[in-house]
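Me: I am new to this one. Please walk me through its charged side-chain pairs.

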Amino acid sequence: MEKKALYLVIVVGFLLLPSIGIGSGGAPPSGPPGKGEDAKLYHLGKQVVTGKATLGDIAADKLENQRSVLESLQEKLPNKAKNKVKLAPLAGKLTEKQLDGVKKYLIIRYRIK
């Protein structure tokens, strides 16, 4: 009788195992976009943020607008990323496309909104 009870517990356990969900339950982080304009923007933004892109000189007409956008993005980053990613020095040096790329990269990489 004990073997039947043990067998029953094991079978029921295996049947219920998928329904209780093993693991964190979260979806895996989304990676970079595959192709197209989104992928180009993402990779451009990654180059800018990681310091691998060539930046222009500071343009006074872009400085304040870019500073406010970059400060807003910096505040939205997770705490670990805030210590690693410094966006303020980029203000005024980015083209519009580079700024769009930085936004795209940070939104996807750090899941900010």
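Me: What is the N to O distance in the salt bridge of Glu37 and Lys97?
Reply: This is a predicted model, where local features need pLDDT of at least 70, side-chain atom pairs count only at pLDDT 80 or more, and totals for chains, interfaces and linings use all residues. Residues are numbered from 1 along each chain as its sequence is written, and side-chain values use heavy atoms, with hydrogens and water left out. A salt bridge puts a side-chain nitrogen of Lys or Arg within 4 Å of a carboxyl oxygen of Asp or Glu. For Glu37 and Lys97, the N to O value is 3.8 Å.

Me: Which helix holds Lys97?
Reply: Helices are DSSP runs (H or I, at least four residues), numbered from the N terminus. Glu37 lies in helix α2 (residues 37–49), and the two partners are 60 residues apart. Lys97 sits in helix α5.

Me: Which residue forms a salt bridge with Lys104?
Reply: The closest N and O atoms of this pair are 3.3 Å apart. The partner is in helix α2, 66 residues from Lys104 in helix α5. That partner is Asp38.

Me: Is Glu64 buried or exposed?
Reply: Buried means under 20% relative accessible area, exposed over 50%, and partly exposed in between (1.4 Å probe, protein chains only). Arg67, the salt-bridge partner of Glu64, is partly exposed at 33%. Glu64 has a relative accessible area of 52%, so Glu64 is exposed.

Me: How many salt bridges does a search of the whole structure find?
Reply: Arg67 and Glu64 form one, at 2.9 Å between the closest N and O atoms. The search covers the whole structure, and its total is three.

How values were computed: Helix = DSSP H or I, 4+ residues; strand = E, 2+ residues; numbered from the N terminus.
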